[in-house]
Structure formats: C-alpha cells, structure tokens
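Here are some friendly notes to read with the structure open beside you.

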Amino acid sequence: MSMEVSVREILAIYDENAPLSEASTIPAPWYVDARIAELEARTVFSKTWQMVGRVEQVQKSGQFVTANVAGEPVVVVRGNDGVLRAFFNVCRHHAAAVVTEPCGQTSILHCPYHGWNYGLDGSLKGMPEFDGVKNFERQQNGLVPVKTETWEKFVFVNLDAQAVSLAEFLGGLVKRVAPLGVGKLHHFDRRVYDIHCNWKVFVDNYLDGGYHVPHLHKGLNSVLDYKQYTIEIQDRYCLQSSPMVASEEDSATGATRTGDRAWYFWQYPNLMINCYEGYMDTNLVLPIDVDRCRVIFDFYFGDVSDARRAYNQQSVAVGARVQDEDLGICEAVQRGLNSRAYRAGRLSVRREAGEHLFHRLLAADLKGGAGNEAAAAD
Ligand code: FES
Ligand SMILES: [Fe+2]
C-alpha cells in the first residue's frame with residue numbers, strides 16, 4: 001500500500017459548502033504539494049482569462065505582446081485588418097518560439113530558427129528550402145489560435161477554446177470598475193517581485209479584508225479608516241474598500257494616497273487592481289512552482305508629464321514599501337504551511353470573506369477538473 005496521500009484525498013479535506021462562520025482555509029497541502037500546482041495549471045490557469053498586456057501596447061497593426069500562460073508561450077498581435085488575435089507562440093516547423101521579444105511591432109512573424117514566415121493573422125506565408133516536401137498543406141500549418149479579448153486598459157487571453165466571454169467571466173466587476181475611469185490613466189512604471197511562497201499565499205494576504213493592515217502596514221494604515229473598511233464579494237471578484245483620512249504620521253503616504261476612497265479589486269484567480277484618486281496599480285500573481293511566485297506590479301497615473309515625475313516616483317516608492325512589508329510575511333507563511341504543526345486555519349467573519357470566496361472558487365475548479373480527468377482516464 002502506498003504511503004502517499006492521493007490528490008483526491010487532499011482535495012477532499014476542504015469543505016467548500018461550509019458557511020464563512022464555520023469555514024476553514026484550504027488545507028496546507030494545497031500550498032506545498034507539487035501535484036496540486038500541476039492540477040492548478042491545467043484546471044485554473046488554462047481555463048481562466050489571464051491578463052497578458054495593455055491595450056496601448058497593441059494599438060497599431062503589427063504591434064504585439066508575448067506572455068507565458070500556464071507554461072504555454074502566447075503571442076497577441078494586431079492584424080493589418082485591425083483585428084486583435086492571439087496564437088500559441090510555437091513554430092509549426094520544429095517548435096521554436098516565433099516571436100522572441102516581450103513586445104514590439106513587426107510586419108511579419110518571422111521564426112528565427114529556420115526562417116519560416118507567418119502573417120499577422122497567423123497564416124503560414126513561406127518556408128525556405130521546402131520544395132519537394134509531399135502531403136504538406138501550407139493552409140493547415142498556420143499558428144494555432146488562442147482566444148483574446150480586451151477590457152478597460154487590459155489585454156487578456158484564454159487557453160480554453162470553450163471558455164465563456166471575458167465580459168461573462170468578469171461578471172459584476174465590469175460595472176463596478178467603470179465609474180472609476182481608469183481608461184484616463186497612463187502607464188508609468190513596473191516592478192517585478194519574485195517571492196518564495198505559493199501564489200495563493202500572496203492572494204490570501206491581499207484578501208484578508210485589511211485584517212493585517214494595522215499590524216503590518218503602519219504607513220498605509222494612517223490613511224485608511226480601518227473600522228469603515230468594507231468587503232463586497234460577487235461572481236469572481238472581491239472589492240475591498242475604505243474611506244480615506246488625512247495622514248498625520250506619514251507624509252509620503254498621505255501625499256500619494258489621496259481621494260475619498262481606496263478601491264482594492266481582486267478578480268479570480270490572480271489579478272488585483274488598486275485605485276486611489278488619479279492612481280492605479282495592478283498586481284498579477286504568476287505561479288513559478290509550488291513554493292515560488294512572481295508578482296508583477298504596474299503603476300498608472302492620470303498625469304505622467306515630466307513635471308509630475310518626482311511625485312509619481314514617490315508614489316511608486318510608497319507602493320514598494322507596502323510590498324516589502326507583505327513579502328516577508330508571505331515567505332514566513334509559506335514556511336509555516338510546510339510545518340507538521342499546521343493543517344488549516346479559521347477565518348474572521350468580519351474580515352475574511354474574500355479569502356472564503358477565493359478558496360471556494362478554487363475548490364470548484366480543482367475538484368471539477370480532477371473529476372473530469374478521472375472520468376476521461378476511465
Ligand atoms: S522551428 Fe521555426 S522555422 Fe524551424
Ligand atoms: Fe499587505
């Protein structure tokens with residue numbers, strides 16, 4: 001008899017039907033078992049809409065962005081007909097990446113390996129030294145398409161050809177974000193963090209309804225009215241929001257985090273959108289392996305003129321400080337999840353409804369996916 005606990009048994013530990021007042025977190029093995037990470041790649045990241053770039057990067061024909069989604073290389077490119085398309089960035093000849101830059105503009109997709117050329121619509125245009133090859137249909141050897149759509153400033157792809165539309169996937173988030181006018185903001189800067197924790201630890205930390213803010217983020221706490229913090233969950237999103245107050249203790253935070261309210265949106269599974277007046281940052285959480293993730297922060301401002309540069313840089317620095325405070329705690333949590341002393345934890349009814357939603361959505365995808373895979377194997 002095998003000593004190893006099966007994936008099915010690990011999934012069964014979590015009860016997604018428990019109400020918040022009786023619920024526990026997803027169990028520790030979900031954060032440390034490589035088989036769960038592999039199941040997530042297949043049933044979560046290969047099935048959900050994933051943000052891969054900004055609309056402004058693919059505005060003109062020939063402009064492209066590349067990304068890696070659930071281990072799959074993807075390219076999104078604007079055609080000469082103005083249509084935005086995505087493809088697996090895998091040459092039909094011997095599988096090299098056709099587009100090798102993160103973003104740019106081109107008139108043709110040219111494979112660097114043996115020089116095959118594809119049009120911006122993915123069709124195979126030419127293959128050097130291929131005369132005499134029999135039973136080869138050029139029309140059947142275009143780049144393999146991937147679904148792509150845009151929302152607000154963002155470009156998304158979905159590896160699942162059966163996926164619902166992006167608008168349906170985002171659900172109530174679309175209406176909730178619309179009044180904030182993020183379309184008027186301009187991209188300013190990017191910060192990338194590699195963190196020694198499972199990607200879900202970072203998401204959990206984000207979704208604890210401000211629970212950790214007074215303890216871990218003293219500067220940020222000084223501008224939020226913590227007692228008035230609200231948590232709204234619907235569809236696949238959670239909105240955490242707080243009225244803003246003037247900071248007496250922290251002038252850098254007070255100067256760069258302004259307006260009536262702070263808006264913190266999370267969209268399942270791995271995207272956060274944080275807004276203050278004239279400000280937005282997005283956080284995209286990408287699993288690297290079971291105990292490492294990469295978080296990409298993009299910063300946007302209403303005014304990105306030179307006159308405003310120093311202010312915007314100060315604002316990014318305030319964000320980076322909060323991030324550093326979160327980083328250490330996420331790595332400590334990952335170590336604790338590996339401990340034999342920990343199995344799962346309870347949730348605060350006042351604060352942790354967002355985590356509860358996250359865990360239930362995840363459980364549905366993992367259990368549904370595992371069930372389908374078992375059925376397919378029978
Ligand atoms: S792999 Fe692309 S041309 Fe050979
Ligand atoms: Fe935090």
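**Notes on the predicted model**

1. About 470 Å³ of space lies in the second largest pocket. A pocket here is an open set of points on a 1 Å grid over the protein atoms alone, where a 1.4 Å probe fits, with protein on both sides within 12 Å along at least five of seven lines. Grid points are joined across faces, edges and corners, and a volume is the space filled by probe spheres set on the points. Of the 22 residues that line this second largest pocket, Asp204, Val333, Tyr342, Glu352 and Glu355 lie nearest its centre; a lining residue has an atom within 4 Å of a point. Two or more lining residues come from each of α6, α7 (213-216) and α10, and α10 gives the largest share, 5 residues. Helices (H or I, at least four residues) and strands (E, at least two) are DSSP runs, numbered from the N terminus.

2. Before going on, a word on conventions. This is a predicted model, in which local features need pLDDT of at least 70 and side-chain atom pairs count only at pLDDT 80 or more, while totals for chains, interfaces and linings use all residues. Residues are numbered from 1 along each chain as its sequence is written, chains are lettered from A and ligands numbered from 1 in the order in which they are written, and side-chain values use heavy atoms, with hydrogens and water left out.

3. What is the lining of the second largest pocket made of, by class? Its residues divide into 11 nonpolar, 6 polar and 5 charged. Ala, Val, Leu, Ile, Met, Phe, Trp, Tyr, Cys and Pro count as nonpolar, Asp, Glu, Lys and Arg as charged, and the others, Gly among them, as polar.

4. The largest pocket holds about 850 Å³ of space. It is lined by 34 residues, and the closest to its centre are Ala67, Asn68, Leu284, Leu286 and Ile296. At least two lining residues are supplied by each of α3 (34-45), β1, β2 (63-69), β11 (186-195), β16 and β17. By class, this lining has 19 nonpolar, 8 polar and 7 charged residues.

5. The structure holds 3 cavities of 30 Å³ or more; a cavity is a set of grid points where the 1.4 Å probe fits but cannot get out. The largest cavity has about 400 Å³ of space. Its lining counts 26 residues, with Tyr206, Leu220, Asn274, Val322 and Asp326 the closest to its centre. α10 provides the largest share of this lining, 5 residues. In classes, the lining comes to 13 nonpolar, 9 polar and 4 charged residues.

6. Which protein atoms are the donors of the iron ion (ligand 2)? They are His212 (NE2), His217 (NE2), Asp326 (OD) and Asp326 (OD), lying 2.1 to 2.4 Å from the ion. Donors are N, O and S atoms within 2.8 Å of the metal (3.2 Å for Na, K and Ca), and sites may look incomplete because water is not among the atoms. The arrangement is irregular because the 4 donor atoms subtend angles of 57 to 151°.

7. The donor residues of the iron ion (ligand 2) follow the spacing H-x4-H-x108-D in sequence. His217 sits in the loop between α7 and α8 (218-221) and Asp326 in helix α10, so the pair ties together parts 109 residues apart in sequence.

8. One has 7 strands with antiparallel pairing, in the order β1-β10-β9-β4-β3-β2-β5; two strands pair if DSSP finds at least two bridges between them. Its edge strands are β1 (50-54) and β5 (103-105). β1 pairs with β10 (residues 154-158) over 4 bridges, and Met51 stands opposite Phe156 in β10.

9. The other open sheet, also of 7 strands and antiparallel, runs β11-β17-β16-β15-β14-β13-β12. β11 and β12 (230-234) are its edge strands. β12 and β13 (residues 237-243) are joined by 5 bridges, with Leu239 in β13 as the bridge partner of Glu232.

10. Lastly, please look at two backbone details. Tyr268 and Pro269 are joined by a cis peptide bond, with omega about 0°, and Pro269 is in the loop between β14 (261-267) and β15. Ala70, in the loop between β2 and β3 (72-78), has a positive phi of about 50° although it is not a glycine.

How values were computed:
Tetrahedral: all angles 85-135°; square planar, octahedral: opposite > 155°, others 65-115°.
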